[in-house]
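Me: I have not looked at this one before. Can we go through it piece by piece?
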Amino acid sequence: MADREVHEVHDSKVLAAMSHPLRRRLLDVLRLDGPCTASVLAERTGQAVGNVSHHLKVLAASDLVEEVPELARDRRERWWRRVSYAVSWSPSDFPDDPVAAAAESLALEHQVSVARQWFAERESYPEEWHRAAFATDSWAKLSVAELAELEQKVLELIKSYSAREIPDDGQERRPVFIATRAVPARP
């Protein structure tokens, strides 16, 4: 992973770039599996290598991925990695921007679609995965500072699992999607 922990997005063009479904999948694969070539990404996403290469260039132009030339075995091989561990933005940075509004909607739709995919496929998982998967929601009265503190704590907890070295302990590990939202609302 590159040096930056969180890429703060302040340009709606970056939100648009990362909101495309295939580009989102590419970012997800790179986050989960680490640096990959376009060929490996094409295999993992079921896409043509040329299509994946095009979308990697769009992500690179938005500073979301970068080449990793030190991994290449020759000049023809190109490796890619995410530029940062996570991407963050605030809707308040994009007042009345329809691109940002669409990107936020697509991000929510992606989170819901991953959960729906689990519901559709859960019978193919062993029973212990049924018991381990969870969903939760809650209410709290928070100040702006407390909400920011909650965000930091949640991000640190998630990172403690997702950015660690995977132990070689014989345990089965599968990709797990973790989505968190905390928004002012009324019950």
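Me: Which strand is Ser84 in?
Reply: Ser84 belongs to strand E5, which covers residues 84-88. Keep in mind that this is a predicted model.

Me: Is Ser84 buried or exposed?
Reply: Buried. Its relative accessible area is 3%, and the cut-off for buried is under 20%.

Me: What does the side chain of Ser84 reach?
Reply: The backbone oxygen of Ala86, at 3.0 Å.

Me: Let me step back. How many helices and strands are there in the protein?
Reply: Seven helices and five strands. In sequence order the pattern reads β-α-α-β-α-α-β-β-β-α-α-α.

Me: What does the C-alpha trace span?
Reply: About 55 × 45 × 30 Å along the principal axes. The protein has 187 residues, and 25% of them count as buried.

Me: And the accessible surface, what does that come to?
Reply: About 13,300 Å², with 53% of it belonging to carbon and sulfur atoms.

Me: How many positive and negative side chains?
Reply: There are 25 positive and 31 negative ones. The centres of the two sets lie 3 Å apart.

Me: What share of the contacts with a separation of 6 or more is between residues 24 or more positions apart?
Reply: 63% of them.

Me: Now the sheet. What is the order of its strands?
Reply: E2-E4-E3, an open sheet of three strands with antiparallel pairing. E2 and E3 are at the edges and each has a single partner strand, so one side of each has no neighbour in the sheet.

Me: How many bridges hold E2 and E4 as a pair?
Reply: Two, in the antiparallel sense; E2 is residues 36-37. Thr37 has Trp79 as its bridge partner in E4.

Me: Which residues of E4 are on the covered face?
Reply: Trp80 and Arg82. The uncovered face has Trp79 and Arg81, and the strand itself is residues 79-82.

Me: Why would the side chains alternate between the two faces?
Reply: That is how a regular strand is arranged: side chains alternate between the two faces of the sheet.

Me: Moving on to Asp93. Where is it?
Reply: Asp93 sits in the loop between E5 and helix H5, where H5 is 98-121. Asp93 is partly exposed, with a relative accessible area of 38%.

Me: What is Asp93 in contact with, leaving aside neighbours within four places in sequence?
Reply: Val9 and His10. With His10 there is a polar contact between the side chains, at 3.1 Å.

Me: Which loop does Asp96 lie in?
Reply: Asp96 is in the loop between E5 and H5. Its relative accessible area is 80%, so Asp96 is exposed, the cut-off for that being over 50%.

Me: What is the phi of Asp96?
Reply: Positive, about 60 degrees, although Asp96 is not a glycine. Asp63 also has a positive phi of about 60 degrees and is not a glycine.

Me: Where does Asp63 lie?
Reply: In the loop between helix H4, 49-61, and E3. Asp63 is partly exposed, at a relative accessible area of 35%.

Me: One last residue. Which helix has Val29?
Reply: H2, which is residues 21-33.

Me: Is Val29 buried or exposed?
Reply: Val29 is buried, with a relative accessible area of 14%.

Me: What does Val29 touch, not counting residues up to four places away in sequence?
Reply: Gly34, Leu41, Arg44 and Thr45.

Me: And how far apart are Val29 and Phe94 in space?
Reply: Val29 and Phe94 are 28 Å apart, C-alpha to C-alpha, and 65 residues apart in sequence.

How values were computed: Residues are numbered from 1 along each chain as its sequence is written. This is a predicted model: local features need pLDDT of at least 70, side-chain atom pairs count only at pLDDT 80 or more; totals for chains, interfaces and linings use all residues. Side-chain values use heavy atoms; hydrogens and water are left out. Buried means under 20% relative accessible area, exposed over 50%, partly exposed in between (1.4 Å probe, protein chains only). Helices (H or I, at least four residues) and strands (E, at least two) are DSSP runs, numbered from the N terminus. Two strands pair if DSSP finds at least two bridges between them. A polar contact is a pair of N or O atoms within 3.5 Å; within protein, one must be able to donate a hydrogen and the other to accept it, and residues adjacent in sequence count only if both atoms are side-chain atoms. Contact means heavy atoms within 4.5 Å. Accessible areas come from the Shrake-Rupley method with a 1.4 Å probe; for residues, only the protein chains shown count as cover. Lys and Arg count as positive and Asp and Glu as negative; His and the chain ends are not counted. The place of a charge is taken as NZ of Lys, CZ of Arg, CG of Asp or CD of Glu.
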